[in-house]
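Please keep the structure open while reading.

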Amino acid sequence: MKFYKNIYIIGVIAFLATGCKKLDLTPTDTFSELNFWTVNENVNNALNNNYSLMYNSGLYFYNDALSDNQFSNSGDYNVISAGFYTPSLSKFRNDWGYYYSTIKSCNLFLEGIDQNKTLPAASIDRMKAEVRFIRAFAHFNLTKWYGDVPLIDKNITPEEAQQIARTPKAQVVKFIVDELEAAATILPSKDEYDAGDNGRITKAAALALEARVLLYQGDRMTDVVAICEKLMNNQSAYGTYSLANSYSNMFSDPTVNNTNSETILSIQYVLPARTWNEYWDFAPRSVGGRVSSMAPLQSLVDSYIMLNGKSINDAGSGYDVSNPYSNRDPRLSATIVYDGYKWINANGTSKTIYIKPGSDPDRSALDEYSLTGQGTKTGYYWRKYFDPGALANFVSGNNLHLIRYAEVLLMYAEAKNSLGQMDASVWDETIRALRARVGFTDAGALNYPGNTNITNIIRQERRSELAMEDFRSDDIRRWKIGETAMSGWAHGAKFGDPNVDNGYIRVQNRKFEQNNYLWPIPPSDRALNSNLTQNPGY
Amino acid sequence: MKSLGMLFIIMLGICSSGIGQSNSTINGVVRDSIGQGIAGVNVLLKGSKTGTTTNQSGSYTLTLPTGITSGTLVFSYVGFTTREIPVPSNGTLNVELANATSALTDVVVVGYGTQRRTNVTGALNVVSARDIGNKPVTNTLQALQGESPNLIIQQSSFDPGSGVNINIRGLGTLGDNTPLIVIDGIIGGNINTINPNDIESVTVLKDAGSAAIYGSRAANGVLLVTTKSGRRNQKSTVSYNGNVGWQNPRVLVEKVSAWDNAYYKNLSLVNSGLQPIYTPDDLQKLKDQGNGTWDVEHLLKNALFQTHNLSISGGSENNYYFISGGYQDQGSNFIGNGGTGADFGYQKYNLRLNQTSIIGRLKANLILNYTKTRNKTNSIGNNNIFADANRVPLNYNWKDSAGNYLTNPVASQYNEYGVLEKGGYNQSDVDEIFASVNGQFDITKELKLTGVFGSTMYNSTNFYRRMQVNYLPAGIYGDDRAVSDNNFKNLQLNTQLYAEYTKNLKEHSFKLLLGVSNENYTGRGFSIEKTLTDPFLGTPTTGTLITVGNSNNSIGVDATSISSAFGRLNYSYKNRYLLEGNFREDYSSKFAKGNRAAFFPSVSAGWLLSQEPFMDNINRTVSNLKLRVSYGSLGNQSVSSYQYQSTYFNYSSAYGFNNNVVGGAGYRQGNPAVTWETATNFNAGLDAGLIKNKLTVSFDYFNKVTDNILQAREDVPVLYGAGFPSFNIAKVKNTGYEVTLNYNLKTGGAYHTFSLNFADNKNTLLRLNADKTEQIVNQDVFSLLRRVGEPITQYYGYRVAGIFHDAGDVSKSPKPAGADVGPGDLKFQDLNNDGKIDDNDKTVLGNPFPRYTFGFTYRLAVKGFDIQIFAQGVGKRDAFLRGELVEPFHYNYGQTIYEHMTDYWTPSNPDAKYPRFANIGSGSNTNNWRTGSDIYKYDGAYIRLKNINIGYSLPTSVTQRWGIQKVRASLIGQNLITISKLNFVDPETTEFGNDLNLGSASNSARGYPLPVFYGFGLDVTF
């Protein structure tokens, strides 16, 4: 008996000893805040994480649907473009939250990196400058949409987040400009970076963004001119840039897209690990598109000039309403797929895209415009950013350009013009160069047209050059043309009832009010922070 | 099955068996109140060690020691009244035992031990084996639905192998409400995979009085599962039971015909100021062409369901055992097999050994259980399948006559018929081993020491393969030919040591239990995904790519540990005044050092009024009456590990430079102050037995306040820029009651039993988040609300006041700003009478949690026949549904009208249920369907005839000739009839998990249909 008892007690002690586990457990697959920053590779990773938060493909493409370039039937884009600026819409809250999460991550980085004692001081300075750029860019996006916004330049506590008030827009802009100035002095130029650093934020990126920020203010054109001139005329100091040879290859050809003379900054993607695939919902369905969730509007199509340099409505333009897509700015077919479009596949073969109802000889008629199907709602599809190197379902590793040298030229033209300094030499450096690059040869298009209507010509040029690159919504807002551009019926191709609007499809009835130039501050945040005031009209 | 058989033989070899030899014997049958023999009843000669147990048919033979001819026999069995009857002179003694719920003297399993039901002072219910077995379910929880009041079980999907929502007494916290599961004394077993036929009983611990001994994790109640074991001196028996039948998917939706659909589309366009798209010729053409096959029913089939269980049990003086093997196979109602291998469906294999050896004063018990499950499902997800099947009008077909899979302008991307037949599959395999050794040592007669060591080893693998299917005229599925493997393993170890001391001093009885335990958990997994694999084999080949983002070495890496001390003191005076105290002190690794410990005490008391002398004169009517009350606190620690620490993690593929991908580092904020949730619980109950316990009634009222509820902070604006870990913030009150009624009746040769349970509970949010008193989350087209002072989660939006009947009505009624509406559109209530419809008119529209839950069982036994009818249901629940089955031509994504939508407004049908049809984007559609009103609300109350079981047992006289103890054949029907106002989707399905989380996806009514089962069963005992 005693024997069993002893065995039993020994057994109990044995399994108590083996079965128990201590309570001080630390995760084995993560770092703690105490040791994270001391490892150099972690600092690099944290920097890369901030790059990934700089901007994203969803915002890049779909914000254009809030302009007269495009129509999207999905979610809040549909609602906002129709003019329903209900403050509680998720888009207003999500974007706000997204930019602030980027800012949080940047502030944590700027606070934490000083714990690292092993990286060279110069590297730390450069990395900080990269992150300061990203933080400034997020603030710029915020102030652009929301006006006065809390300026957050340090890692704040939850309690501070409950108290912080909106900083006047001018002060936010000053912060952004100062930060970009400072970053520009620290950052290497494109030529100073190693080849392996292609894609990093450069001196030129900081300056170009500064120019954009100033241009958007409308009253800093002299500064815009000065910065653009640095970038155009002092390339040995600021980096060598020029227009790429092929407009469409810059978006489509995977090699040109990644390495070209024109890109100043892009969101970097790499097949197959870091990709985007929004294009799946932009492409004609007969070539693999899923549903058409965003499509170009007639207004954008109409904005492309004729090869002779005239707008389609100008006298003597030669525009043929029954053959509307011929003799047009080559960027039209580089950007938009229209009825009868000759689509070039990835393997070089081609096929015709039939969009007009009843025109497709194939009974599936996948691309045809119809009220019931999942195809285009406007009668158009997208070509720009088509990636022939994409994986199945248009999973693409092509970069999305945030700042191109073309934009610098356009900013320069606009600023010079706005200062009353537009002339043939400025024209030749900017608009003519852009048009020549895409294949215009007619003198009517290339030569300086004089100052009549020049503002509209520059704006039209900007729209054609930068369509689908997330500029048009900004331009409508800073030019204050929302009441006209975003009002009334948005139209699609001429597939409708001939008695209604000359046969152009009615896509969406839009409205835009004075207060819509700024978005509402998300009410959910206002409920938690009584110091957050609301924009007028909401 | 062959290997199972082998194992049985081996195990039999281990277990010794033998039956005592002696002189005079007593024979008889022990039956329950409905005349069925009860297996396993202990028959003991009082004051001796002489005893036996009844066999499967309830008969027993007890051999008395030499020279003994008189005395008292004690008949006892868990769930039944213990009876003491003098030894008869003629050697035959047939006994009837009253069953558990009608008795107060049986033994029930409680935390770390058993208790006589008389002495129970907490609130608990016992569900016994016969209420669990014999139901065609693969998951024990499905079998428990409706069996115990306020044990609320909701199936969110009826797909084979899918889990259920389970909670006890409703929702007491905003976090996890799942009760603690304890299987054979080991915390954290998997109740989803245990074989229902292996279960002896399930005790549901509901209040602090009964559950506090499980302390920090018992706030949501506890389910104590006890599995079957052999018994001392039990003759070896072999039992088989099984059932086989067909599951017929009950599809509740019906599309209108193709031509009607086209007509409605025209109507919808015209109502929106647009041109009709179908000419009269088109409509005629559609009519001539007839309906196609594109619907849900063509994707479904009747599927086989079978379960087979074999068990062997027996025992000698010092050894007893129970061995069982089970096989359950639930075929999926979906057609196809994904292109290769077995059809879709769920299989489960269980193997169990329970062996006890008595070596002097040591009783050693070993339980080993192995479970294997396999679940094969489609590669695209049920949601997509039902959505695509639902949203396409009936003029289209899944296949053409040549067998090609077709696409059409509405569903141009995928053909789900092709996906089911050829598009690959998702197969999960889970292996679980549960082992527990338990030693009980009687140090003295009064002091017992028990040590328990248990472990659960869990290994799951998931294999996913997407295969390419080409469609006509266009569309391809699965051309990325993705293949992925996931593996996850965890190990749970549980060590307990406790001592129990019993002392009786005249009229005072004491029982003291003290113990310590540690439980710990470690887990880790990995995954790999490749695309462009070999089209035939799914293996890597030329061009194969690895999906970096979905290929990881270490996922779910986690470890937790919890150490505890616990105890219980029972005291009773004169067996009529009862007092019990429980405590548990827990230390959890999930919290920082200073916040780790928590103490959870409870006290409870009972008064057996019926034992009082002053009750003597009425105890013919009131045979039993007990009052109970308990008060105490319970804890909850449902947060993930390490939340008290801020951590940084590296990940791959964050960004790229020069077309080379680079990794990134993210962070998670910690909350060093995170600690326990505490639920303070009050319970008052009454148990009564009337008319010789023929009618028993049990009633409980409870009030539970849970404080420091673990929730992410919601009081910080998103401009803060980061997510939060859990904080101890919210507070919820939950009150309710439960009633159980049992009535036994004997008419002639027929035994009837009626059992009814009924319960309700109501939760109230007392604090949401610091000083934030309200949270509204937009949920697709309506909103969910959390507001202090009201139920924790409610639907929120405009209330429909009716349908505009004419232009005058439109112009004089308040409308949302900018609304472009006409007759036939919805009118909303202007609750604040300010002449306009805006946010201030939004109001609470409904409560998604089930109220007034009930279960009803009727049993009848006449001669060899027995019938059991079981119904359960929910008295009140609001269900919001959206999507193509609710909104006509939903977003143009749906292009269909269903029969249940056809009561729509027209000038000639002004009292319609639904507004007029209108196209997406029109003012009407925006007003009627985009505005978030109770147009989306449905009444989710239902009553379901859940189970009917009609059996016939061959007379023992017949079977004994064949050497068989029992043969019973039965007819089984499951889910036969459901009555509900919600008639196009099963009313049980819900969008919510077990916490009514505001982040839950909305219910698109795309659920797997309820399978209706018809089959037969067979029980044979040798």
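At what angle do the axes of helix α16 and helix α17 of chain A cross, and within what distance do they come? In this predicted model, the axes cross at roughly 140° and come within 9 Å. Details follow by topic.

**Helix pair α16(A) and α17(A)**

- Helix α16 of chain A covers residues 405-418, and helix α17 of chain A covers residues 424-438.
- Angles over 145 degrees count as roughly antiparallel. At roughly 140°, α16(A) and α17(A) are therefore oblique to each other.
- Their crossing is left-handed.
- On the α16(A) side, the contact residues are A:A406, A:L409, A:L410, A:Y412, A:A413 and A:K416.
- They meet A:V426, A:E429, A:T430, A:I431, A:L434 and A:R437 of α17(A).
- By class, this contact has 8 nonpolar, 1 polar and 3 charged residues.

**Helix pair α2(A) and α5(A)**

- Helix α2 (residues 40-52) and helix α5 (residues 90-112), both of chain A, pack at about 160° with axes 9 Å apart.
- That angle makes α2(A) roughly antiparallel to α5(A).
- The crossing of α2(A) and α5(A) is left-handed.
- From α2(A), the contact uses A:V43, A:A46, A:L47, A:N49, A:N50 and A:S52.
- From α5(A), A:Y98, A:S105, A:C106 and A:F109 take part.
- The class count for α2(A) with α5(A) is 6 nonpolar, 4 polar and no charged residues.

**Aromatic pairs**

- Over all chains, a search of the whole structure finds 84 aromatic pairs.
- One of them joins A:W37 and B:Y648: the ring centres are 5.7 Å apart and the planes lie at 70°, so the pair is edge-to-face.
- This pair crosses between chains. A:W37 sits in the loop between β1 and α2 of chain A, while B:Y648 lies in strand β33 (residues 647-657) of chain B.
- A:W37 and B:Y648 are both buried.
- A:Y279 and A:F386 form a tilted pair, 6.0 Å centre to centre with 50° between the planes.
- That pair links distant parts of the chain, with the partners 107 residues apart. A:Y279 is in the loop between β3 and β4 of chain A, and A:F386 is in the loop between β8 and β9.
- Both A:Y279 and A:F386 are buried.

**Buried helix α7(B)**

- Helix α7 of chain B (residues 382-391) is mostly covered, with 8 of its 10 residues buried.
- Among the buried residues are B:I385, B:F386, B:D388 and B:R391.
- Their cover includes β21 (362-378) and α8 (416-422) of chain B.

Key. Residues are numbered from 1 along each chain as its sequence is written. Chains are lettered from A and ligands numbered from 1 in the order in which they are written. This is a predicted model: local features need pLDDT of at least 70, side-chain atom pairs count only at pLDDT 80 or more; totals for chains, interfaces and linings use all residues. Side-chain values use heavy atoms; hydrogens and water are left out. Axes are lines fitted to C-alpha atoms, for helices over the stretch in contact, and angles run from 0 to 180 degrees between N-to-C directions. Helices (H or I, at least four residues) and strands (E, at least two) are DSSP runs, numbered from the N terminus. Angles under 35 degrees count as roughly parallel, over 145 as roughly antiparallel, 65 to 115 as roughly perpendicular and the rest as oblique. A crossing is left-handed if the near helix is turned anticlockwise from the far one by less than a right angle, and right-handed if clockwise. Contact means heavy atoms within 4.5 Å. Ala, Val, Leu, Ile, Met, Phe, Trp, Tyr, Cys and Pro count as nonpolar, Asp, Glu, Lys and Arg as charged, and the others, Gly among them, as polar. Rings of Phe, Tyr and Trp (its six-membered ring) pair if their centres lie within 6.5 Å; planes under 30 degrees apart count as stacked, over 60 as edge-to-face and the rest as tilted. Buried means under 20% relative accessible area, exposed over 50%, partly exposed in between (1.4 Å probe, protein chains only).
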